[in-house]
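Colleague: Could we walk through this model together, piece by piece? I'd like the cut-offs as we go.

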Amino acid sequence: MYQANWESIRTHKVPDWYDDCKFGIFIHWGAYSVPAWAPPTCQLGEIPADEQWFCNNPYAEWYYNSINVKKGPTWEHHKKTWGEHFPYENFVPMWKAENWKPQEWAKLFREAGAGYVVLTTKHHDGLCLFPSQYTAYNTIFCGPQRDIMGELTRAVREQGLKMGAYYSGLIDWRFAHDPIFCEEQNFSNACQTYEYADYAYKQMLEIIDRYQPSVLWNDIGWPVRGVDNLPALFAHYYNTVPDGVVDDRWNGSWKDFASLEYKLGAVCREEKWEMCRGMGLSFGYNQNEERSHLLRPDELIGLLAGTVANGGNLLINIGPKADGTIPSEQEACLRAAGKWLTVNGEAIYGTRCSARLSEAVAKGVTAHYTAKEGALYLLLDGLPEGEATMILPNLSGTLVPLDPCTRFESRQLENDLQLTITAHHREDAVVVFRCT
């Protein structure tokens, strides 16, 4: 049994299932999926998190704040489309989820090759996607009038996948709604009361007890008035879900894994980490994004390969439409990943970092490496159309392609291996070899 103190909590180890499955699905779905609008400006981490970011925020799920700042593209769009005095809360009854079929979602996630799913049970707008005894502002009484978390949890587990819960612990604009113009205001403008800290703590306990989530994914931080209660929260969680994991967004107090988001954060191969990002520049569905803003299937697969080779998991986000349908481009990307993993999953699932670091081996081509049970895998990303020749330094042996359709030639050059890939098509994505 875990005790409510840091010494006990820090004995928890990352379970094998999380380190083995490598690929998860993030879901941002809520009332913000109704306006579904943000300017597709840049990736998080490309510019400072100051007024330039927050007034041009590409995250559609931040729509509340993007109109609350009353400047920038989203505010201008809102005034033109909905009216200057149209409050965000009016979108809640417009979110019907009338075409939502959780079983179809879960089946798609399994076919995509994912091992776990994480749903936003409450984002910064405060609307809960589960029946909470502490607020009627939830999807039983508002909007879809369904237990979104409950229905999806059942469907996901029926497909043999793990189910996790995202929760916005620090920010809830129902409690504190001053506009945020810079990163520091995520904390300073958050609700500072013991009342809200107690509310967040009690809702976390509800989520743990009701759904036993395999991942407890808190966002940004935790209410400062409630930090002293975190050992009790983690002890309860680990005693309820012994093989559960928590992220690192708890004011620096504890983590099972570090989280990176787009270009924010740094890879550390010495600890477990997870990359999260949307298919485009937003997590919530953004009708303003064009095809050029979205990952191509080969880019998604390349991101997965590079993440896994350096010790991470990829938590790729989908942003469903308000009616509960997944945009076709996002679905196609997931299906392409699943098709690739069916052939090449041996080099992904259950692997660990190789001693070999990822390296550039030709113009635009990166070689990634994974290891499992004494086997070394070579994953080539960024191959051009047609033919490409590369030198793999300090590598010898025989290359066996996991896809038998791969056409190649190899030749040993003393300590290096010369490899030529012929007749490559970009849609074939990452090419994988087992090195024997």
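**Helices, rings and contacts**

Colleague: Which residues of helix H10 are buried?

Modeller: Helices (H or I, at least four residues) and strands (E, at least two) are DSSP runs, numbered from the N terminus. Buried means under 20% relative accessible area, exposed means over 50%, and partly exposed is in between, with a 1.4 Å probe and protein chains only. In H10, residues 230–240, the buried ones are Leu230, Pro231, Leu233, Phe234, Ala235, Tyr237 and Tyr238.

Colleague: Thanks! What pLDDT do side-chain atom pairs need to count?

Modeller: Residues are numbered from 1 along each chain as its sequence is written, and side-chain values use heavy atoms, leaving out hydrogens and water. This is a predicted model, where totals for chains, interfaces and linings use all residues, local features need pLDDT of at least 70, and side-chain atom pairs count only at pLDDT 80 or more.

Colleague: Which elements do the buried residues of H10 pack against?

Modeller: Contact here means heavy atoms within 4.5 Å. By that test, the buried residues of H10 pack against helix H1 (6–9), H9, strand S4 (215–218) and strand S5 (245–246).

Colleague: How do H9 and H10 run relative to each other, roughly parallel or roughly antiparallel?

Modeller: Axes are lines fitted to C-alpha atoms, for helices over the stretch in contact, and angles run from 0 to 180 degrees between N-to-C directions. H9 and H10 pack at about 5°, with their axes 10 Å apart. Angles under 35 degrees count as roughly parallel, over 145 as roughly antiparallel, 65 to 115 as roughly perpendicular and the rest as oblique. H9 and H10 are therefore roughly parallel.

Colleague: How do the residues of the contact of H9 with H10 divide into nonpolar, polar and charged?

Modeller: Tyr201, Met204, Leu205, Ile208 and Asp209 of H9 meet Ala232, Leu233, His236, Tyr237 and Thr240 of H10. Ala, Val, Leu, Ile, Met, Phe, Trp, Tyr, Cys and Pro count as nonpolar, Asp, Glu, Lys and Arg as charged, and the others, Gly among them, as polar. The division comes out as seven nonpolar, two polar and one charged.

Colleague: At what angle do helix H6 and helix H12 pack?

Modeller: H6 covers residues 102–111 and H12 residues 328–344, and their axes are 8 Å apart. H6 is oblique to H12, because they pack at an angle of about 40°.

Colleague: And which residues make that contact of H6 and H12?

Modeller: The contact of H6 with H12 divides into three nonpolar, one polar and three charged residues. H6 brings Leu108, Phe109 and Glu111, and H12 brings Glu331, Leu334, Arg335 and Gly338.

Colleague: Which residues does Leu341 touch, not counting those up to four places away in sequence?

Modeller: Leu341 is found in helix H12. With a relative accessible area of 5%, Leu341 is buried. Not counting residues up to four places away, it touches Phe23, Ala112, Gly113, Leu304, Ile348 and Tyr349.

Colleague: On to the rings: what is the angle between the planes of Tyr64 and Trp173?

Modeller: The structure holds 35 aromatic pairs. Rings of Phe, Tyr and Trp (its six-membered ring) pair if their centres lie within 6.5 Å, and planes under 30 degrees apart count as stacked, over 60 as edge-to-face and the rest as tilted. Tyr64 and Trp173, both buried, form a stacked pair, 5.0 Å centre to centre, with the planes at 15°.

Colleague: How many residues apart are Tyr64 and Trp173?

Modeller: Tyr64 lies in helix H4 (residues 63–68) and Trp173 in the loop between strand S3 (162–167) and helix H8 (185–188). The pair links distant parts of the chain, and its residues are separated by 109.

Colleague: What relative accessibility does Phe175 have?

Modeller: The rings of Phe175 and Tyr199 have centres 4.8 Å apart and planes at 45°, so the pair is tilted. Tyr199 counts as buried at 9% relative accessibility. Phe175 counts as partly exposed, because its relative accessibility is 29%.

Colleague: Over which ring does the charged end of Arg356 sit?

Modeller: A charge sits over a ring if NZ of Lys or CZ of Arg is within 6 Å of the ring centre and within 35 degrees of the ring normal. The charged end of Lys162 sits over Trp17, 5.3 Å from the ring centre. The charged end of Arg356, 4.5 Å from the ring centre, sits over Tyr369.
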